[in-house]
Amino acid sequence: MAEANKPSQTEWDQIAESQQFKDLMATKKIFILPAFVFFVVYYFALPVLVGYAPQFMSTRVFGVLNLAYLFALSQFFVAWLIAGLYVRAAANFDRLAKDIVGKAENGKGNK
Amino acid sequence: MANISLVMFLLFIAITLGITYWASKRSAGSSAYFAASRQIKGWQNGIAVAGDYMSAASFLGIAGIIAFQGYDGFLFSVGWLVAYLTVLLVIAEPLRNAGKYTMADVLAYRLNPRPVRAMASISTLTVSTFYMIAQMVGAGALVKLLLGGYVTYNKAVIGVGILMIVYVVFGGMLATTWVQIVKAILLMSGTILLSILVMAHFHFSFVDFFGAIGHVTYHDAKGQEVVKDFLQPGLRYKPPYGPLDLISLGLALIFGTAGLPHILVRFYTVPDAKTARHSVVWAMALIGSFYIMTTFLGFGAATVVGPDYIKTHGGTNMSAPLLAQALAGNIFFAFISAIAFATILAVVAGLTISATTSFSHDLWTNVIHNGVERKPGEEVLVARISAFVVGAVAIMIAIVLGPTANVAFLVALAFAVAASANLPVIVFSIFWRRFNTAGAVTGLAVGLLASIGLIIVSPSMMAIDPPTVTGTARHLIQAKALFPLENPGILSIPLGFLGAIFGTLLSHEPSSQHKFNELLVRSNTGLGAEKAGAH
């Protein structure tokens, strides 16, 4: 069972303070934080603009297609794009995490 | 017409009961019963997440809102997808790495487990029950409308209730997962077919289609004929409070989806965090495509069928089925109706299993019996019994309320509680070292009470009805609403966060800070995470 070879408190602390783990956290933060802020701002721009500038958002771009509809539609593609970029970035997180886990499990075997 | 619908309903029921029988032989033991042995594949879980999430409120409700209020209805659609970015970037992977069966597992990891689990379980049960009652009332009303001659409202509610109990009691998470997969595939096929038919109606010309949306003719409340551009914003959300309500709804979706217990439990059914991530991406592909297609469903109903006809043939919720009927006749109407029914069944099954898992794993095993199963299989047995109780209570409440009850706000309430109570404490427990038990308990309590309190004094429950509105359709409090928004998120979410922050700062708990490193490493690397089962 997972419980049996669970690392001890000192081992958890050692990993948390290791350079490798700090690198992992920094790599994650560099992607996740800006991505989160960007999508929240981009998303809330929609209700704010539609709610407070309905005239402007009703500006027609092609035929009856107006800014409001096109901006709403763009949200779907932006969300997919961010998800795609995250999956790419996460391959890197997985690699770093795998090293840390591998080291921790090997360390246990050597003792 | 009704008998074609009936045959399709029965066919779906037969398939799902077959799945349940198959799953029942693979559901022995807690990990198998609560988490499908953690062996669901990424794409399967992704489809199941989509199936769990796209409720009848989306399929019938959003199509209806667009058919009547145009663009403002489409705004609803956007938030439902974008919300998954919070799930993907912040919640899914740490949750899978740190927890076992419920969201409370993550909180209990480094905090005092009993008070935290008790509060988290109360919040989970509240969200699930409210959401379920909204679905059950909707199901009863829908089935009555579609199968009028055969089935009454009460029978429909009892039928849905019994089916969801059977899926959960006998088939556990595995059956629930596959019911959701079948439902999601049906829902996507129906929506794609309907979209193609709408375009065929306009000779596959987007110019013609959007041209028609620009000139929708109908009669307003005073009986005047009006022609409106349905792509124009502002038909639903009007000043002074409309824009704020819209932002408040957006907040509840963006922060609430990642706190919905029935969505969170799905991430325990996959082998590891990477698969959890892939399942969110699969879910986003499906959910996004579906909500983009509400353009065809909703605007299609507005242009092909027209608000006037829908109003006199069952009302807003019938927009999508009536569109199907107008485009391809009664068999397609029956097919779309059967899909709506499947949708409700799958969602209530998902809600039931998350409620029963929380009751048995959090309250029974961990709070009442200090984390020890007194005999093997007790946890699963308690879950099965509580599924009966949850089902019976939901059936009774839905029958007492009746088909005309004003329950749409319960969905808004469920999202508000998830966003204001659950999400802040999950985020803090994963990311904030200083966070502690007092913070979790106050955060959950404040978020829960603020959401419920604000809903009670909102226009959803407080309004002055004309005497023609009777029974449970009437608003509970006949007075002018004290809080002007239908969605409490804009106030209740900050309150939930503040509750968690103040509770934390006002108390000291060295042990929770001490164990933070363990949670941090485990949730970010998967070291020590629950492994997939053997069978």
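Trainee: In this predicted model, with which residues is Thr352(B) in contact, leaving aside its neighbours within four places in sequence?
Mentor: Thr352(B) lies in helix H14 of chain B. Its partners beyond the local sequence fall into two stretches of numbering, and they are Met164(B), Val168(B), Ala387(B), Val390(B) and Gly391(B).

Trainee: Is Thr352(B) buried or exposed?
Mentor: The cut-off for burial is 20 or more other C-beta atoms within 10 Å. Thr352(B) has 28 C-beta neighbours inside that distance, and it therefore counts as buried.

Trainee: What distance separates the C-alpha atoms of Thr352(B) and Thr176(B)?
Mentor: These two threonines are 176 residues apart along the chain.

Trainee: Which residues does Ile287(B) contact, leaving aside its neighbours within four places in sequence?
Mentor: Beyond its sequence neighbours, Ile287(B) is in contact with Ala50(B), Tyr53(B), Met54(B), Trp80(B), Leu81(B) and Tyr84(B).

Trainee: How does the radius of gyration of chain B agree with that of a compact globule, and what is its value?
Mentor: Chain B has 20 helices and two strands, and 64% of its 535 residues count as buried. Its C-alpha atoms fill a box of roughly 70 × 50 × 45 Å along the principal axes. A compact globule with 535 residues would have a radius of gyration near 24 Å, which agrees with the value for chain B, 23 Å.

Trainee: Why is chain A described as more spread out than a compact globule, and what is its radius of gyration?
Mentor: Chain A has four helices and two strands, in the order α-α-α-β-β-α along the sequence. For 111 residues the globule rule gives 13 Å; the chain is well over this, so it is more spread out than a compact globule, with a radius of gyration of 23 Å.

Trainee: What percentage of the residues in chain A is buried?
Mentor: The C-alpha atoms of chain A fill a box of roughly 70 × 25 × 20 Å, taken along the principal axes. Of the 111 residues in this chain, the buried part is 22%.

Trainee: Which element of chain A supplies the largest share of the side that touches chain B?
Mentor: Across the interface, 47 residues of chain A are in contact with 44 residues of chain B. Helix H1 (9–17), helix H2 (19–52), helix H3 (54–57), E2 and helix H4 (67–110) of chain A each supply at least two residues of this side. By class, the side has 39 nonpolar, five polar and three charged residues. The largest share, 17 residues, comes from H4(A).

Trainee: On which side of H9(B) do its buried residues lie, and what arc do they cover?
Mentor: In helix H9 (residues 206–213) of chain B, the buried residues are Phe209(B), Phe210(B) and Ile213(B). They lie on the same side of H9(B), because they cover an arc around the axis of only 85°.

Trainee: Which element of chain A do the buried residues of H9(B) pack against?
Mentor: Within chain B, these residues pack against helix H8 (153–201), strand E1 (216–219) and helix H12 (273–305). In chain A, they pack against strand E2 (65–66).

Trainee: Is Arg38(B), which has a positive phi, buried or exposed?
Mentor: Arg38(B) is not a glycine, yet its phi is about 55°. The residue lies in the loop between helix H2 (30–35) and helix H3 (42–53) of chain B. With 23 other C-beta atoms within 10 Å, Arg38(B) is buried.

Trainee: Is Phe204(B) buried or exposed?
Mentor: Phe204(B) lies in the loop between H8 and H9 of chain B, and its phi is positive, near 55°. It has 10 C-beta neighbours inside 10 Å and therefore counts as exposed.

Trainee: What ipTM does the predictor give the complex?
Mentor: The mean pLDDT is 87 for chain A and 88 for chain B. For the complex, the predictor gives a pTM of 0.91 and an ipTM of 0.91.

Terms used: Residues are numbered from 1 along each chain as its sequence is written. Chains are lettered from A and ligands numbered from 1 in the order in which they are written. This is a predicted model: local features need pLDDT of at least 70, side-chain atom pairs count only at pLDDT 80 or more; totals for chains, interfaces and linings use all residues. Two residues are in contact if their C-beta atoms, placed from the backbone, lie within 7 Å. The radius of gyration is taken over C-alpha atoms; the globule rule is 2.2 Å times the number of residues to the power 0.38. A residue is buried if 20 or more other C-beta atoms lie within 10 Å of its own, exposed if 12 or fewer, and partly exposed in between; C-beta atoms are placed from the backbone. The arc is that of the directions from the helix axis to the C-beta atoms. Ala, Val, Leu, Ile, Met, Phe, Trp, Tyr, Cys and Pro count as nonpolar, Asp, Glu, Lys and Arg as charged, and the others, Gly among them, as polar. pLDDT is the predictor's confidence in each residue, from 0 to 100.
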